[in-house]
Amino acid sequence: MKNNEKLLEVRDLRVSFFTHAGEVKAVDGISYDLGEHEVMGIVGESGSGKSVEAYSIIGLLQNPGRVIGGSVKFMGEDVLAYSEEQKREFRGNKVSMIFQNPMTCLNPVYTIGNQLMEALLCHNKDVTRKAAYDRAVEMLELVGINNARKRMRQYPHEFSGGMRQRAMIAMALICSPKLLIADEPTTALDVTIQAQILELMKDIQRKTGMSIIFITHNLGVVAEICDRVSVMYAGHIVEQGNVNDIFYRPKHPYTEGLLRSMPRVDTKERERLIPIEGTPVDLLNPPKGCPFAPRCEKCLRVCLEHKPPFLQVGEDAHGSACWLHVKEMKEAGE
Amino acid sequence: MKKLIEVEHLRKYFRIKLGTLKYGSIQAVEDVSFFIYVGETLGIVGESGCGKTTMGRTLLRLYNPTSGRIVYDGTPIYDSEKKISVPMLPYRKKMQIIFQDPSASLDPRMTVGEIVGEALSVHRPDLKGKEYRERINEMLDTVGLNSEHANRFPHEFSGGQQQRVGIARALAVEPEFIVCDEPISALDVSIQSQVVNMLEDLQQEKHLTYLFIAHDISVVRHISNRIGVMYLGQMVELAESYELCSQPMHPYTKSLLSAVPLPDPQKTRAKKRLILEGDVPSPLNPPTGCRFHTRCPYATEECSQRAPVWKEYAPGHFAACHALEGQ
């Protein structure tokens, strides 16, 4: 951790969706800390609960989803206990979010300028329209949009994909939040545009010192931008640590498997990929023990019966939830 | 080595309506020439809208080409100059396609058995009753599903399994050549490698030739023998895959490679990047001269006036760039 000041403290958060088919435990007891100025990556496949977790922090969870346990503390305050009014104050002002598909998040019938100013005017009653306009132009320039004054008058459809994502970032940052949640911000973009946006986010993070929770399934993007990484699988955090530990010294079989299964551009030989066998978990009928056990090649008998404990496995808060660590520790102890 | 497919100066324009009595044409594929050897995998990479999917489909004549020449196994199947345009039905048995989005490309009202068997009933009318069913089961078996799955509907499967059904459907008629149009981009990371490995095994077993289209250069590099890079409807570079990734010639290929984030924190942060400015121009109104000149860091006066020539600069290494012509 760069700084010991804790900005966000998530403890044993549980989120379930109550559907006709039964309860789906989308997030099943996750805990982590996020320091100030820190970029935390949350990696996982679709359905691993990474977005749901973020939505519940910012209070955007929709029916039939409900937080059923745990706590989320933002600068010491319990976010989950907020009233609607407090939530509105919290969202946008202290925490804001950018989404995967900028086109669906921008209102097509309002100009970009209008939407940018709205974000500011809603949260700060004492800002004049003139000041809001100037601030919006300044934000557009910050995110690298040329001709900002002309762009203010344009509609979202007049922007290209990359430009829209820039506008979204400008809108998210206009109230200078302490925390930005980025939910797959580059997934819908092409690689060359993705590189531009990542560069921009790194740059802004350096300038403003905000913290970022970066949700993605792309390990390359994580390696690029994050300080710490949480790997999620079926609603659990299976491994957590700083970026070097996760990529060079992974402990959990799922993290190892993911890293091994990725084709890379920087290898010399054409090697055969080593896939993770099996199919993703059906969250309606999750396995009784470790959720990864049915696909794990190192599966023990205990894995099928009991959930593994989350253990400290290395320096710098490197933790992993796997029965193998328990076995190793026992063997080392003997 | 024998060439299975040869494409010369292929063009595909789409006519679109711009207003009342006003039409324009989208130049989706503009003057593309290449060939594919028997048994190899040719990868095609490019950003969205660069025409890679259109090219794949035009090659199979799912779209009718605007002009150019397509030769399959020595026989021209399309030639705009000589006015050749053969009926495709016999060729459908030899050339197949795997689509990008497995859930959208499978009919939700047909069972998996019917989907896989549909092409068989057209191309193999000799297979009846038990033989027909056995053939379907055999196909499902090849892609790692089993005969029980034949009576289920596509929505009962996960994304990875649906893609397997798509592959079984393509393989049912025993084709020689398959266009894989982004077969893994809709799948989860841990499933992608399963499908890639399966495609590689099937190629070995059945001596298939692939045209592998994707936007992810690391996957394309892994599976392909040679790679072609497309930008705004044109092929800008084509070479053996290791050579293309280690010694790219065209500035666009260079920037594409440098933009890929590596799953290795120290390497990816130390990497020198060639970040392109701006966005891809519209294919409705492409730039004059070299189509890349609006974003190219090395663009000169000449680039905006004259289109570069597609030339072989090293054995098997083709590119189109003015900077290379000067050398």
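Two strands pair if DSSP finds at least two bridges between them. Helices (H or I, at least four residues) and strands (E, at least two) are DSSP runs, numbered from the N terminus.

The model is predicted: local features need pLDDT of at least 70, side-chain atom pairs count only at pLDDT 80 or more, and totals for chains, interfaces and linings use all residues. Residues are numbered from 1 along each chain as its sequence is written, while chains are lettered from A and ligands numbered from 1 in the order in which they are written.

**Exercise 1. Confidence**

Task: State what scores the predictor gives the complex, and what mean pLDDT chain B has.

Solution: 
- Start with the complex. Its ipTM is 0.84 and its pTM is 0.88.
- Then take pLDDT, the predictor's confidence in each residue, from 0 to 100. Chain B has a mean of 91, and 100% of its residues reach 70 or more.

**Exercise 2. The open sheet of chain B**

Task: Give the strand order of the five-stranded open sheet in chain B, then find its edges.

Solution: 
- The order is E2-E1-E4-E5-E6 in chain B, with antiparallel pairing.
- The edges are strand E2 (22-37) and strand E6 (84-85) of chain B, each pairing on one side only.
- Now check the E2 end. E1(B) and E2(B) are antiparallel and share 12 bridges. Lys3(B) sits opposite Tyr37(B) of E2(B).
- Look at the turn. The hairpin of E1(B) and E2(B) has two residues between the strands, and Leu21(B) there takes a positive phi near 55 degrees.
- Move to the E6 end. Strand E5 (residues 75-79) of chain B pairs with E6(B) over two bridges, again antiparallel. Asp79(B) faces Ile84(B) in E6(B).
- Finish with the helix. Helix H1 (residues 52-59) of chain B lies across strand E1 (3-19), E2 and strand E4 (67-72) of chain B. H1(B) runs at about 70 degrees to E2(B). Angles run from 0 to 180 degrees between N-to-C directions, with axes fitted to C-alpha atoms, for helices over the stretch in contact.

**Exercise 3. A covered strand**

Task: Decide whether the residues of strand E3 of chain B are buried or exposed, and name its partners.

Solution: 
- Set the cut-offs. A residue is buried if 20 or more other C-beta atoms lie within 10 Å of its own, exposed if 12 or fewer, and partly exposed in between, with C-beta atoms placed from the backbone.
- Apply them. Strand E3 (residues 41-45) of chain B has five of its five residues buried.
- Sort by face. In a regular strand the side chains alternate between the two faces of the sheet. Thr41(B), Gly43(B) and Val45(B) lie on one side, Leu42(B) and Ile44(B) on the other, and both faces are covered.
- Strand E9 (residues 209-214) of chain B runs parallel to E3(B), with five bridges. Val45(B) has Ala214(B) as its bridge partner in E9(B).
- Strand E10 (residues 226-231) of chain B is also joined to E3(B) in parallel, by four bridges. Here Leu42(B) has Arg226(B) as bridge partner.

**Exercise 4. The A–B contact**

Solution: 
- Two residues are in contact if their C-beta atoms, placed from the backbone, lie within 7 Å.
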